[in-house]
Amino acid sequence: MTDTTATAHDAQQQIAEEFAFFSDWTERYQYLIDLGKQLPPFPEEAKTEANRVHGCQSMVWLVPSGDAAKMHFEAASDSAIVSGLIALVLRVYSDRPAAEIVATEPEFIQAIGLAKHLSPTRSNGLAAMLAKIKQYAAALA
């Protein structure tokens, strides 16, 4: 799912370009849902309290692996739109060095207008997921 040759910055630019194709938010939400459906299967045994991201209204699980040179994340949600958000976050942050993850701000959220179109609970959940990813990366960086 992640383009490992691109930087996190490049991944964010690609996301902004993709979302620019859609003229309204109904289409963008549908695209988000479609992205979420493309997430790789998440193992049921990983849906534990220890892997849960708190702060999300939906159930979200996040599992880190790898080392400081290349961190990988797997994640899942019980919500279609949140699964799409996960797909975007993984494109930007998964399979990158820990230092790059820590240094990368989620500019794509503003670039595609997500900040204005997410409910407060989804915005909080997205922020919690990003904080958790950065926390895992900072521990290894």
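Modeller: A polar contact is a pair of N or O atoms within 3.5 Å, one able to donate a hydrogen and the other to accept it. The model under discussion is predicted.

Colleague: What makes the pairing of the T104 side chain with the backbone oxygen of E100 a polar contact?

Modeller: The backbone oxygen of E100 lies 2.6 Å from a polar atom of the T104 side chain. The cut-off is 3.5 Å, so the pair qualifies as a polar contact.

Colleague: Why is T104 called buried?

Modeller: T104 has a relative accessible area of 10%, and buried means under 20%, so T104 is classed as buried. T104 lies in the loop between α4 and α5. Leaving aside neighbours within four places in sequence, T104 is in contact with A8, Q12, V92, Y93 and K134.

Colleague: Why is N124 described as partly exposed?

Modeller: The relative accessible area of N124 is 48%. Buried requires under 20% and exposed over 50%, so a value of 48% places N124 in between, as partly exposed. N124 lies in helix α7.

Colleague: Which members of the largest nonpolar core touch the most other members?

Modeller: Of its 40 residues, these are I86, L88, V89, F108, L114 and L126. Elements supplying at least two residues each include α1 (8-20), β1 (60-67) and α7 (120-140), while α3 gives the most, with 10 residues. Not counting residues up to four places away in sequence, L126 touches L85, V89, I109 and L118.

Colleague: Which residues does the second, separate core include?

Modeller: That core has five residues, among them F42, W61, V63 and A76.

How values were computed:
Residues numbered from 1 in each chain as written. Predicted model: local features only at pLDDT ≥ 70, side-chain atom pairs only at ≥ 80, totals over all residues. Heavy atoms only, no water. Core = buried A, V, L, I, M, F, W, Y, C linked by side-chain atoms within 4.5 Å. Buried < 20%, exposed > 50% of the residue type's maximum accessible area, 1.4 Å probe, protein only. Helix = DSSP H or I, 4+ residues; strand = E, 2+ residues; numbered from the N terminus. Contact = heavy atoms within 4.5 Å.
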